[in-house]
Amino acid sequence: MVFSCENLCKCYGKVQALEDVTFSIQPGHIVGLLGPNGSGKTTLIKLANGLLTPTSGAISICGGPVGKESHSLVSYLPERTSVPLWMTAAQLLDFYCDFYPDFRRDAAEEMLRSLGISPRQRIRQMSKGTREKVQLIATMSRRAKLYLLDEPIGGVDPATRDYILSTIITNYDPDAAVVISTHLIADVERVLDDVIFLNQGRVVLQSSVDDIREREGKSVDQLFREVFRC
Amino acid sequence: MHWQISSDAPIYAQLIEQITVNIVSGGVPPGGRIPSVRELAAEAGVNPNTMQRALAELEREGLVHSLRTAGRFVTEDEAVIHQAKRTLAQKHICRFLSAMADLGYGQQEIISLLGEEQED
């Protein structure tokens with residue numbers, strides 16, 4: 001298992017953000033972490049990165065605990081821009097090269113080129129969407145065992161969305177797993193093996209995409225709309 | 001090859017149907033080589049494991065076969081291809097007939113309507 005949680009709970013004061021979450025993700029799988037706003041998606045991803053500590057329960061990354069070792073196995077895309085804004089795209093790639101031995105600079109440069117982003121442009125001068133693209137490129141250019149992508153397609157146009165998803169498919173590695181948290185289900189559904197539905201901090205459904213389509217006769221997007229009807 | 005994934009049916013089943021159409025319509029000739037799972041998945045914008053599953057199913061049906069190192073190839077057995085074409089045709093006919101039945105047409109009316117359509 002690349003990533004597993006057992007009876008994971010997280011409380012912020014009196015607010016229970018995650019409650020008794022248990023699941024595991026196999027290598028070679030692309031998994032959608034789906035749920036309405038405030039369902040605990042980002043909390044779960046932050047716990048897996050060691051940015052938060054669990055109230056109770058356990059997380060394991062490639063069989064080990066979250067910590068220094070797991071950082072070298074996990075490539076994380078936060079939901080907000082977290083890279084230094086004064087850097088140019090090229091400097092950001094230098095930065096990643098220094099930090100991560102598994103960083104593939106040539107792959108990153110190739111992706112910047114195909115999206116028409118100049119390596120000399122400063123991140124501060126980029127639009128929100130372009131910043132997201134650059135950060136995703138940096139994240140996907142690592143040869144990691146687990147990619148945790150928190151809302152990777154939220155802020156970009158549909159054509160770029162397609163490009164990002166195809167980037168995820170073409171970087172597919174049978175030894176690595178990808179977790180994509182999003183509520184844009186219709187867009188990501190085709191690239192997912194499995195989905196995990198979170199609601200109010202609990203796992204309410206875990207299934208393969210084609211099992212859902214076979215069993216329910218509808219897409220994951222349609223099922224989501226029904227399960228979480230407001 | 002043009003891919004179209006609709007929202008309801010399982011994705012692997014849709015991939016099977018579209019690859020089959022491509023084969024029976026001669027898009028890939030008998031004995032022709034099929035691109036790798038990775039290439040096909042990228043082209044269709046689908047998960048590689050789903051594409052793998054579709055190709056495995058086509059192998060089971062005998063429409064394609066894999067040679068360990070060289071890749072996957074369409075069968076050279078024209079009878080198998082012809083059979084796959086017939087099966088697809090029957091599926092389309094069934095869908096058509098049930099849609100016409102929903103509109104309230106009987107079999108004879110459908111046949112005569114088809115005749116008129118051809119004359120036009």
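In this predicted model, chain B and chain A bury about 1,600 Å² between them, with 46% of that area on carbon and sulfur atoms. To this contact chain B brings 20 residues and chain A brings 20 residues. On the side of chain B, the residues that lose the most area to chain A are B:Ile11, B:Arg38 and B:Asn47, which together make up 29% of what that side buries. Across the interface of the two chains, the rule finds zero salt bridges.

Within chain A, a pair of helices can be followed next. Helix 3 of chain A, residues 89-99, packs with helix 4 of chain A, residues 105-114, at an angle of about 160°, and their axes lie 11 Å apart. Because angles over 145 degrees count as roughly antiparallel, these two helices of chain A are described as roughly antiparallel to each other, and their crossing is right-handed. From helix 3 of chain A, the residues A:Ala89, A:Ala90, A:Leu93, A:Asp94 and A:Cys97 meet A:Arg105, A:Ala108, A:Glu109 and A:Leu112 of helix 4 of chain A. The residues of this contact comprise six nonpolar, no polar and three charged.

In their contact, B:Phe96, B:Leu97 and B:Met100 of helix 4 of chain B meet B:Ile110, B:Leu113 and B:Leu114 of helix 5 of chain B, a set with six nonpolar, no polar and no charged residues.

Terms used
Residues are numbered from 1 along each chain as its sequence is written. Chains are lettered from A and ligands numbered from 1 in the order in which they are written. This is a predicted model: local features need pLDDT of at least 70, side-chain atom pairs count only at pLDDT 80 or more; totals for chains, interfaces and linings use all residues. Side-chain values use heavy atoms; hydrogens and water are left out. Axes are lines fitted to C-alpha atoms, for helices over the stretch in contact, and angles run from 0 to 180 degrees between N-to-C directions. Helices (H or I, at least four residues) and strands (E, at least two) are DSSP runs, numbered from the N terminus. Angles under 35 degrees count as roughly parallel, over 145 as roughly antiparallel, 65 to 115 as roughly perpendicular and the rest as oblique. A crossing is left-handed if the near helix is turned anticlockwise from the far one by less than a right angle, and right-handed if clockwise. Contact means heavy atoms within 4.5 Å. Ala, Val, Leu, Ile, Met, Phe, Trp, Tyr, Cys and Pro count as nonpolar, Asp, Glu, Lys and Arg as charged, and the others, Gly among them, as polar. Buried area is the accessible area (1.4 Å probe) that two parts lose on being put together, summed over both. A salt bridge is a side-chain nitrogen of Lys or Arg within 4 Å of a carboxyl oxygen of Asp or Glu.
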